[in-house]
Amino acid sequence: MSATLQSGRTRARPAIAVTVGEPAGIGPEIAIRAAWAMRNEVNCVLLGDAAFLALTASLIDPDIKLAALSLQALRFSGMPHFGPERVVVIDVPLAAHVVPGVLDKENGRAMLDMLDAAMEGVTAGWFGAIATAPLQKSVINEAGVPFSGHTEYLAERTGAAQVVMMLAGAPEPGAKPLRVALATTHLPLKDVPGAITQKSLGATLDIIDADLKNKFGIKAPRILVTGLNPHAGEGGYLGDEEIHTIAPAIAAARARGIDCNGPYPADTLFQEKYLKDADCVLAMYHDQGLPVLKHATFGRGVNITLGLPLIRTSVDHGTALDVAAAGLGQADCASMEEAIRCALQMLEAGATPTRKNA
C-alpha cells in the first residue's frame, strides 16, 4: 500500500508526536481517535506498538488507516510527509500482551521508550512538539525505573534546570482560558513547605513569564500568586512562609519586570473579579490549584510543561483503567484533542523547539 507524499507545492501539516501512554488504559484509544479526527489540520504521529495500535484502530473504526514506520527508518531518511488519508505510527514494541484495564509491569519500559523516541524526534526535527497520553506511574516503578511523572522525566532527559507544570482550560467554549501553574508538583504534602524557597519561586515566575510570552504570544503576562497557608498565613498567625518566602520572591520578580502580585488566599482567589485580567495563577502545590481548574474544565483541560527546550502538552486526566476495561467507545478524547490543538497553537505562535546540537 503506497503512501501519498505531499509535494513541495503543498503546505506540510505540522508534525506532532503523540505518545499513546499506558496500553491497558484509554491512552491508545483517545490518541487514535484524536489523531484521526484532526488529521486534516495536523500530522499526529503516534508512538506505540504498531501491531497493537492497528488492531485497536480497526476495532474503533475500520476506515481509520495507519502507516507504520520504524525508528531505524526515520534515523536513516527522516520523517516523510504523508497526506491526511492515514496516520503514521512509529513502532515502539510492547513486551507483553495487553489486556484492557489490567496493568503489566512488563510493558513499563516501553512507555519510557515512547517518550525517548518523541524527544529524539523533536531534536532531529521530525516533530515540532509532543502531546502525551496518560501513563501509570506505578507500572514504570514496578518495572524497576524510579519515575514520578512525565514532567520530572522530561526535565531530566532534556537537561532542563527547572520546569513548571501548568494546566489550562476554558470553562466553556470561547471563554478565556484559566491557567494554573504549580510551584511544586508530585510531592507528599508534608514535603511541600520545605520545597518552596525564594530561589525556586523566583525561577518558577521567570519560566512562567518567559513561556507565556514566547510560547503563548502574550506580550505582558499578569500572574497572580497564592499563599501556602490558609488565609495566606493571616499575617503570620497561620504560618509565616508568606512573609519570609513568598512575598520576597514576588517583590524580587517585580523588580525584574515581571507583573506578578500576591500572595493571595487560595480559597478566595479563584473568582472572576480577580481572574478576569490575569493570565495565570501560580499555586503552591498540586491539590491547591488543580481541583479548581479541573472542576471548571475537566475533559477539556490541557497539561503543559513550561521550561523545557521543547513543547509538551498532555491530557488533564489519568489512565482510566475502568473505562478501558469496559471496552472501546467509552473514552472521551476531547482532552487529547485539546492537548494536540494547544501544542499546534504554540507552534503557530512562534515557539521554536530548542535542539541540543543547535
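Analyst: In helix α6 (residues 150-158), the buried residues are His 150, Thr 151, Tyr 153, Leu 154, Ala 155 and Thr 158. Buried means under 20% relative accessible area, exposed over 50%, and partly exposed in between, with a 1.4 Å probe and protein chains only. Helices (H or I, at least four residues) and strands (E, at least two) are DSSP runs, numbered from the N terminus.

The model is predicted: local features need pLDDT of at least 70, side-chain atom pairs count only at pLDDT 80 or more, and totals for chains, interfaces and linings use all residues. Residues are numbered from 1 along each chain as its sequence is written, and side-chain values use heavy atoms, with hydrogens and water left out.

The buried residues of α6 pack against helix α4 and against strands β5 (129-132), β6 (164-169), β11 (302-306) and β12 (312-315); contact here means heavy atoms within 4.5 Å. After α6 comes Gly 159, with a positive phi near 75°.

Rings of Phe, Tyr and Trp (its six-membered ring) pair if their centres lie within 6.5 Å; planes under 30 degrees apart count as stacked, over 60 as edge-to-face and the rest as tilted. By this rule there are 2 aromatic pairs. Trp 126 and Phe 127 make an edge-to-face pair, 6.2 Å centre to centre and with 85° between the planes. Phe 147 and Tyr 153 make a tilted pair, at 5.9 Å and 55°. Phe 147 counts as buried because its relative accessibility is 8%, and Tyr 153 does so because its value is 10%. Phe 127 is likewise buried, at a relative accessible area of 4%.

Beyond neighbours up to four places away in sequence, the residues that Phe 127 touches include Ala 15, Ile 16, Val 45, Met 79, Ala 117 and Gly 121. Pro 14, in the segment before β1 (15-19), lies 113 residues from Phe 127 in sequence but 7.6 Å away in space, C-alpha to C-alpha.

A nonpolar core is a set of buried Ala, Val, Leu, Ile, Met, Phe, Trp, Tyr and Cys residues joined through side-chain atoms within 4.5 Å. The largest has 102 residues, of which Leu 46, Phe 127, Leu 282, Met 336 and Ile 340 touch the most other members. Helix α4 (residues 108-124) supplies the largest share of this core, 8 residues. A second, separate core of 14 residues includes Val 180, Phe 270, Leu 275 and Leu 290.

The strands that α6 packs against belong to an open sheet of 12 strands with mixed pairing, in the order β3-β4-β2-β1-β5-β12-β11-β6-β7-β10-β8-β9. Its edge strands, β3 (66-69) and β9 (259-264), each pair on one side only; two strands pair if DSSP finds at least two bridges between them. On average, neighbouring strands of this sheet are turned by 25° against each other, direction ignored. Helix α4 packs on the sheet, touching β1, β2 (43-48) and β5, and its direction makes about 160° with that of β5. Axes are lines fitted to C-alpha atoms, for helices over the stretch in contact, and angles run from 0 to 180 degrees between N-to-C directions. Helix α14 (residues 334-348) lies across β1, β2, β5, β11 and β12, running at about 165° to β12.
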